[in-house]
Amino acid sequence: MALFRLPSSGPAALVPRGHGLLLRAPQMSDFLQWAQLRELSRSYLTPWEPIWPSDDLTRAGFRRRLRRYAEDIVGDKSYPLIVFREPDGVLLCGVTLANVRRGIVQAVAIGYWVGERAAGQGSRSPAPRQLLPVLFAAPGGHPPSTGACSATPRLTAGHRPWRT
């Protein structure tokens with residue numbers, strides 16, 4: 001069903017690999033693994049996320065999510081990705097590069113979620129580091145020389161601030 005595929009050109013088509021991780025845009029074929037991980041991690045994730053729609057873990061809800069992702073990618077607004085452990089293809093987390101700004105000041109907001117079973121195992125930080133240089137590469141192939149990431153997370157035991 002091509003209708004639900006994300007665009008296949010531009011930065012979203014890239015599949016960065018490194019640190020034992022594979023990042024790529026979600027596809028309909030990811031639904032079962034995504035829904036299972038989100039359901040198993042629900043109590044862990046919900047304190048940090050907006051309220052989940054009642055159909056969030058359904059195929060219809062996932063399809064709607066993929067359509068919104070495709071619109072954002074085509075508009076160069078955001079790049080939602082899911083992160084797999086490369087050796088065995090297990091889904092670990094999701095990372096979204098949102099509010100993309102290009103030009104003299106290149107900036108992006110980073111949002112993420114980590115499945116409870118992968119929390120604290122180092123899958124979160126390497127993922128955006130792999131993608132940012134690709135997303136913000138200048139025409140000559142050089143990423144910007146400076147950048148900043150600002151976040152004010154609510155910290156509790158077991159949750160650490162983002163480190164790049």
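**Reading a strand and its partners**

Guide: In this predicted model, strand S3 (residues 79–85) has six of its seven residues buried, so the strand is largely enclosed by the rest of the structure.

Visitor: Which strands pair with S3, and in what sense?

Guide: As a general idea, in a regular strand the side chains alternate between the two faces of the sheet. Here, strand S2 (residues 21–24) pairs with S3 in the antiparallel sense over four bridges, and Arg24 has Ile82 in S3 as its bridge partner. Strand S4 (residues 90–101) also pairs with S3 in the antiparallel sense, over seven bridges, with Pro80 standing opposite Thr96 of S4.

Visitor: How many residues lie between the strands in the hairpin of S3 and S4?

Guide: Four residues lie between the strands of that hairpin, where Gly89 takes a positive phi near 75°.

Visitor: Where is confidence lowest in the protein chain, and where is it highest?

Guide: For the protein chain the mean pLDDT is 74, with 62% of the residues reaching 70 or more; the lowest confidence is in strand S1 (residues 17–18), at a mean of 60, whereas the highest is in helix H1 (residues 31–40), at 96. The pLDDT is below 50 over residues 1–12, a stretch that has 19 contacts in the model beyond near neighbours in sequence. Residues 138–164 likewise have pLDDT below 50, with 29 contacts in the model beyond near neighbours in sequence.

Technical notes. Residues are numbered from 1 along each chain as its sequence is written. This is a predicted model: local features need pLDDT of at least 70, side-chain atom pairs count only at pLDDT 80 or more; totals for chains, interfaces and linings use all residues. Side-chain values use heavy atoms; hydrogens and water are left out. Buried means under 20% relative accessible area, exposed over 50%, partly exposed in between (1.4 Å probe, protein chains only). Helices (H or I, at least four residues) and strands (E, at least two) are DSSP runs, numbered from the N terminus. Two strands pair if DSSP finds at least two bridges between them. pLDDT is the predictor's confidence in each residue, from 0 to 100. Contact means heavy atoms within 4.5 Å.
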